[in-house]
Amino acid sequence: MRGKLNLDTILKEIGRQNCFLSEITVFELYYGAENSDNPTKSFKAVDDFVKGLSIIPICSCLTRYAKEKVRFRKIGKPMHDEFDLLIGVSAVENKLTLVTDNQKDF
């Protein structure tokens, strides 16, 4: 949404039908819109961006979430951002490639 990843270009090249969002990502986008200086404009931007993209529910990855959270804790790298962990395991569980500019948490 901030223009960092050239998503418009990527979506045109790949096709919107081949792009997926975790429902957690959608939650975060709407939170960002509500928290922005112009929520009305931001909500419209989110609505336009999300339109036509498949939204992946998190319920299909609940078991993997639990396993990964425990695995990270046991190796001494506990995940403190529950949303990032849910986004990551959603991608893995659905055999999708995760695209993010947040390399630190992924």
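E93 and R64 form a salt bridge, with their closest N and O atoms 2.6 Å apart. A salt bridge here is a side-chain nitrogen of Lys or Arg within 4 Å of a carboxyl oxygen of Asp or Glu. The pair links distant parts of the chain: E93 sits in helix 5 and R64 in helix 4, 29 residues apart. The model is predicted: local features need pLDDT of at least 70, side-chain atom pairs count only at pLDDT 80 or more, and totals for chains, interfaces and linings use all residues. Residues are numbered from 1 along each chain as its sequence is written, and side-chain values use heavy atoms, leaving out hydrogens and water.

**Salt bridges**
- The whole structure holds five salt bridges.
- E93 is partly exposed at 30% relative accessible area, and R64 is partly exposed at 31%.
- Buried means under 20% relative accessible area, exposed over 50%, and partly exposed in between (1.4 Å probe, protein chains only).
- E68 and R71 also pair, at 2.7 Å from N to O.
- These two are three residues apart in helix 4, so about one helical turn separates them.
- E68 is buried at 18%, while R71 is partly exposed at 40%.
- D48 bridges to K51, the closest N and O atoms being 3.8 Å apart.
- D48 is partly exposed at 37%; K51 is exposed at 56%.
- K44, D48 and K51 are linked in a salt-bridge network.

**Helix 2 against helix 5**
- Helices (H or I, at least four residues) are DSSP runs, numbered from the N terminus.
- The axes of helix 2 (residues 23-34) and helix 5 (residues 82-93) come within 8 Å and cross at roughly 140°.
- Axes are lines fitted to C-alpha atoms, for helices over the stretch in contact, and angles run from 0 to 180 degrees between N-to-C directions.
- The two helices, helix 2 and helix 5, are therefore oblique to each other.
- I24, T25 and E28 of helix 2 meet F83, D84, L86 and I87 of helix 5, where contact means heavy atoms within 4.5 Å.

**Y65**
- Y65 lies in helix 4 (residues 62-74) and is buried at 19% relative accessibility.
- Beyond its neighbours within four places in sequence, Y65 contacts E82, L85, L86 and V89.

**Nonpolar cores**
- A nonpolar core is a set of buried Ala, Val, Leu, Ile, Met, Phe, Trp, Tyr and Cys residues joined through side-chain atoms within 4.5 Å.
- The largest has 10 residues, including L11, L29 and F49.
- Helix 2 and helix 3 (39-50) each supply at least two residues of this core.
- Another core, apart from it, has nine residues, among them I58, M79, L85 and L86.

Methods:
Angles under 35 degrees count as roughly parallel, over 145 as roughly antiparallel, 65 to 115 as roughly perpendicular and the rest as oblique.
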